Amino acid sequence: MRKLELKWGIILALPAILGFLIWNLGPMIAAFVIGFTDWSIAGTPNFVGLANYKEIFFEDFIAKKSIFVTFYFAIGSVVVSMITAFLTALLLNQKVRALPLFRTIFFLPSIVPAIANAVVWLWLFNPDFGLLNYILEVFGLSKLQWIYDEHQVIPSLILMSAWGMGYTMMIFLAGLQGIPQQLYEAVAIDGGNWWHKFRHVTIPMMTPTIFFNLVMGLISSFQAFAQPFLMTEGGPNYASMFYCYYIYKNAFDYGRMGYASALSTILFLIILVLTFLIFKTSSYWVYYEGGRSR
Amino acid sequence: MKVIRSKMKTIKKIIIYLILISASISFLLPFAWLIRSSFMDIGQIFTLPPEWIPRPFYWQNYPEALTSVPFGRYTLNTLTILFFVEAGVLITATMSAFAFSRLRWKGRDKIFSILLTSLMVPYVVTLIPTFLLWKALKGIDTFLPLTVPAWFGGGMFNVFLLRQFFLTIPYELDEAAYLDGATPLQVLWKVIIPLSKPAILTVAIFTFMSVWNDLLGPIVYLNDPDKYTLAVGLSTFVGMYTGQWNYLMAASTVMILPPIILFFIGQRFFVQGITLTGLKG
């Protein structure tokens, strides 16, 4: 039996293992190597040492701006979306009637395809005829330029990403529903009010879910591509030049495969360090039942 | 005392519903804006202040938008890719999840956690070498770069989701089958798969969404307009019809409809599946 399980275990897991080697590990090593060449889409590659990295760090101001802008958007959208999602989930967890209806309404935006999402928001953001400026006008506020202004573009895109927080909300809601009722009752018996319940039961019990959403949210917002590609072309004045879009532009618009590979190696390192930091700090704030793990 | 408490409770309920209803309205506004614009003629769409009821009800936006570019062709391309990706994901992700949860073999959990790290690798990081590989293999302008990778485990996210579900099935069922002389493949086919339909359906829905949404892959690998997917087709449409908001909104509505319909059909499983991914992050 053991032998049979070993044989079939390896056979059945083989596609996934090969897939990891062919589509993940292999290309990552290749990207690292290509990053030391001047490979252009048409020509043959030459080894250029650290020239690409030198250019990224010392000459290419767009690359640096791009890193800043990407962090700005990633942190902003993760914080705003997570807070919106958490508050919504808390409200929905108050034994409301028509829960499935509300849940569906808040979830729907997150299944809108990126391309349709971009087109709809372009029209909402339209400074002259868009709905958002009309709403501001109704409330007596001055109009905004939204994605057409250097300083407003990132907050605008964060607003747009908060609209798509439904998936995060669903995970929070599932987490809230999984908190044993006895814990709240215990606080009530000890004379605790809603704040005590929230602070000493809800928050600690939700830290694993918050951790999960934080990691997934950061990874996906670092990969934002559709917004610059379809809506802003990285502008105005490179204010929305997201890193992934900049890699894409270098590789497929300018044909600089070597340079783009160096850029993507840096992205990988950034994500690696970030994830490492989050996992390292998690033991201080993530609570696992039955003692601290990891 | 009791009266005051129940009054407080009612007030609290009213406040909760007020917040929920106003939040719902703001979440629905973009949809309302999309749909009203898709039924307006180009004159009414630019009226200020904006009107909400299309007059006349200009449904012709739909046929006009959908015949101006070969959306039929794009749909067919998207569905072709979808078919091969779904098949690859469902077959190989189920296989791998079974191997990583129901069979005991040396190094299993170590390998699984190594494979899981691929979730943290952004698509663009591997894109360039993968593109160069497909270029060398003459795979550009074919559907191969978009479908073949799905046959290698179908993505670790799906494997993870299925594995989480498989782990909830009592192991005695497998043991009973083995005692009756079943092979691991038979256990997978006759015990695990029939019990895991909700999870498998969830993976199928997630896969549909990701193929339907995918933009970067098709843009990089497909240059020939005959090979475009719906997402790429719509993105070129945006460039072609800047300002023709009625057409753009009609085309977007058509693009949004299938995922939404699918969501309503599979809602029960979908909610379950999402819950499953959040467990033990």
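**View 1. B:Lys138, an exposed residue of chain B with positive phi.** B:Lys138 is exposed, with a relative accessible area of 72%, where exposed means over 50% relative accessible area, buried under 20% and partly exposed in between (1.4 Å probe, protein chains only). Phi of this residue is near 60 degrees, a positive value in a residue other than glycine, and B:Lys138 sits in the loop between α6 (123–136) and α7 (144–147) of chain B; helices (H or I, at least four residues) and strands (E, at least two) are DSSP runs, numbered from the N terminus. The model is predicted, so that local features need pLDDT of at least 70 and side-chain atom pairs count only at pLDDT 80 or more, whereas totals for chains, interfaces and linings use all residues. Residues are numbered from 1 along each chain as its sequence is written, chains are lettered from A and ligands numbered from 1 in the order in which they are written, and side-chain values use heavy atoms, with hydrogens and water left out.

**View 2. A:Tyr238, a partly exposed residue of chain A.** The relative accessible area of A:Tyr238 is 32%, which makes this residue partly exposed. A:Tyr238 is placed in the loop between α11 (226–232) and α12 (243–253) of chain A, and its phi, near 60 degrees, is positive although the residue is not glycine.

**View 3. B:Ser235, a buried residue that touches both chains.** B:Ser235 belongs to helix α13 (residues 230–240) of chain B and is buried, with a relative accessible area of 12%. A polar atom of the B:Ser235 side chain lies 2.8 Å from the backbone oxygen of B:Val232. Leaving aside residues up to four places away in sequence, B:Ser235 touches A:Ile115, A:Phe229, A:Leu230 and B:Leu215, contact meaning heavy atoms within 4.5 Å.

**View 4. The salt bridge between A:Glu5 and B:Arg104.** The closest N and O atoms of A:Glu5 and B:Arg104 are 3.2 Å apart, and the count between chain A and chain B is one salt bridge, defined as a side-chain nitrogen of Lys or Arg within 4 Å of a carboxyl oxygen of Asp or Glu. Helix α1 (residues 2–34) of chain A supplies the largest share, 24 residues, of the side of chain A that touches chain B.

**View 5. The cis peptide bond at B:Pro56.** The peptide bond from B:Arg55 to B:Pro56 is cis, with omega near -5 degrees, and B:Pro56 has its place in the loop between α2 (42–45) and α3 (61–68) of chain B.

Terms used: Polar contact = N/O pair within 3.5 Å; in protein donor to acceptor, adjacent residues only side chain to side chain.
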